[in-house]
Amino acid sequence: MDADDFPTPDVTVDSIAPAELKQQVDAGEDVTILDARMQSDFEEWRIDGDAVEIVNIPYYEFLDEVDDDLLARVPEGEPLVVLCAKGGASEYVAGVLKEAGRDVVHLDEGMNGWARLYDLVEVEGYDGPGAVYQYQRPSSGCLAYLVVDGDEAAVIDPLRAFTDRYLADAEEMGVTLKYAIDTHIHADHISGVRELDDEGVRGVIPAAAVDRGVTYADVLETVDDGDVLSVGDVDIEVVATPGHTTGMTSYLVGDSLLATGDGLFIESVARPDLEEGDEGAPDAARMLYESLQERVLTLPDETLVAGAHFSDAATPAEDGTYTAPLGDLVAKMDALTMDEDEFVELVLSDMPPRPGNYEDIIATNLGQQSADDDEAFELELGPNNCAASQESLAGD
């Protein structure tokens with residue numbers, strides 16, 4: 001049933017904007033949610049928080065008579081927030097509940113609206129020239145980075161859905177967006193590098209990723225291990241860190257922050273099975289171990305690790321960013337001090353489900369198939385699942 005097909009409630013139902021709901025969740029306020037999506041969608045991804053109570057009752061249960069047994073399953077809220085995929089079903093369900101005397105609002109644009117939230121937070125722990133900002137997408141845990149110095153900027157791991165946002169932020173800061181850089185061929189979101197390149201930004205991909213079948217490498221810039229890109233007085237050094245994928249590449253920004261893509265996160269290491277599947281995962285895990293030991297862990301302890309994703313298991317730094325000094329991760333994450341065989345066994349032992357639609361997302365990012373903006377947005381809805389474990393590997 002499409003959102004437009006739901007009848008208009010007989011009562012007026014107030015809505016809550018996704019940004020307002022996120023503020024309440026982040027502030028630790030008590031939030032009670034009725035998620036009216038199908039159970040499979042709810043189980044795949046939902047809104048979580050320390051003070052969030054959430055119950056899943058699919059919308060279709062409210063299409064017939066709403067009896068006392070159904071109402072007894074609906075939690076109380078002050079107000080209760082009803083949500084669905086796009087906002088139509090939730091408005092209808094909220095109207096039914098309001099007629100039954102409940103204090104209720106519905107989430108404007110539903111989980112699609114939640115997926116459009118994109119926060120920009122300065123990385124205060126960055127100690128190099130210029131400034132670095134972290135983009136955070138709470139719906140999927142995707143992270144990107146804006147490096148700014150003088151009148152130039154670069155964005156690392158941009159998302160296609162936010163192409164206009166990067167350009168607008170650069171304009172607001174009074175800088176020119178010089179580079180759009182990918183760390184690898186992503187499996188959980190549609191890259192924005194090509195769209196930004198079409199807007200006059202210099203799109204950059206790792207040369208090591210081209211052999212996977214990239215169809216557009218001749219129109220973008222490619223970089224190899226040891227190359228350096230400059231943004232104002234900031235040097236961005238290319239550091240090959242294969243393992244998550246054969247083309248996985250990190251970028252050392254101002255000798256202070258390592259944008260690790262999906263190679264290393266603040267709560268886990270990468271999963272090694274998204275390029276060659278289960279069969280190739282053991283070899284990829286050994287490649288990842290070598291990259292971490294020889295290319296990442298040889299950096300100074302104070303180097304900030306800045307991954308391309310965060311999960312619910314991640315704890316942000318004091319500045320609100322999902323970054324951490326490398327030395328802290330070594331102290332907390334046993335995976336970084338294991339021998340190779342132990343490491344491989346660990347990362348292969350508890351991998352979460354692969355990202356939804358990952359094969360189509362990879363093919364789109366390779367340029368082997370196309371998707372319009374709406375199709376691309378739908379493909380990447382849901383959690384990222386690019387880490388080796390759904391639980392934190394960084395013990396407290």
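Student: Which residues form one aromatic cluster?
Tutor: In this predicted model, the cluster is made up of Y118, Y135, F162 and Y166. Rings of Phe, Tyr and Trp (its six-membered ring) pair if their centres lie within 6.5 Å, and a pair counts as stacked with planes under 30 degrees apart, as edge-to-face over 60 and as tilted for the rest. By this rule the count comes to seven aromatic pairs.

Student: What makes the pair of Y118 and Y135 stacked?
Tutor: The ring centres of Y118 and Y135 are 5.0 Å apart, which is to be set against the limit of 6.5 Å, and the planes stand at 10°, to be set against the limit of 30 degrees, so the pair is stacked.

Student: Which parts does the pair of Y118 and Y135 tie together?
Tutor: Y118 lies in the loop between helix 5 (110–115) and strand 6 (119–122), while Y135 belongs to strand 7 (residues 131–137), so the pair ties together parts that are 17 residues apart in sequence. Helices (H or I, at least four residues) and strands (E, at least two) are DSSP runs, numbered from the N terminus. Both Y118 and Y135 are buried, where buried means under 20% relative accessible area, exposed over 50% and partly exposed in between (1.4 Å probe, protein chains only).

Student: Why are F310 and Y322 called stacked?
Tutor: The ring centres of F310 and Y322 are 3.9 Å apart and the planes meet at 10°, so the pair is stacked. F310 and Y322 both lie in the loop between strand 17 (304–307) and strand 18 (324–325), so here the pair ties together parts that are 12 residues apart in sequence. F310 counts as buried because its relative accessibility is 11%, and Y322 is buried because its relative accessible area is 14%.

Student: What makes the buried residues of helix 1 line one face?
Tutor: Helix 1 (residues 18–26) has P18, L21, K22 and V25 as its buried residues. Seen down the axis of helix 1, they fall within an arc of 100°, so they line one face of the helix. Just after helix 1, G28 takes a positive phi of about 75°.

Student: Which state does E109 have, and which does D157 have: buried, exposed or partly exposed?
Tutor: E109 counts as partly exposed because its relative accessibility is 41%, whereas D157 is buried because its relative accessible area is 2%. Phi of E109 is near 65°, and phi of D157 is near 60°, a positive value in a residue other than glycine. E109 is placed in the loop between strand 5 (104–107) and helix 5, and D157 in the loop between strand 9 (152–156) and helix 6.

Student: What is the omega of the peptide bond that joins E78 and P79?
Tutor: Omega is about 0°, and the bond is a cis peptide bond. P79 is found in the loop between helix 3 (68–73) and strand 4 (80–83).

Student: How many disulfides does the structure hold?
Tutor: The structure holds zero disulfides, a disulfide being a pair of cysteine sulfur atoms within 2.5 Å. C84 is buried because its relative accessible area is 4%, and C142 is buried because its relative accessible area is 1%.

Student: What should I keep in mind about the rules behind these values?
Tutor: Residues are numbered from 1 along each chain as its sequence is written, and side-chain values use heavy atoms, with hydrogens and water left out. As this is a predicted model, local features need pLDDT of at least 70 and side-chain atom pairs count only at pLDDT 80 or more, while totals for chains, interfaces and linings use all residues.

Note on methods. Arc of directions from axis to C-beta.
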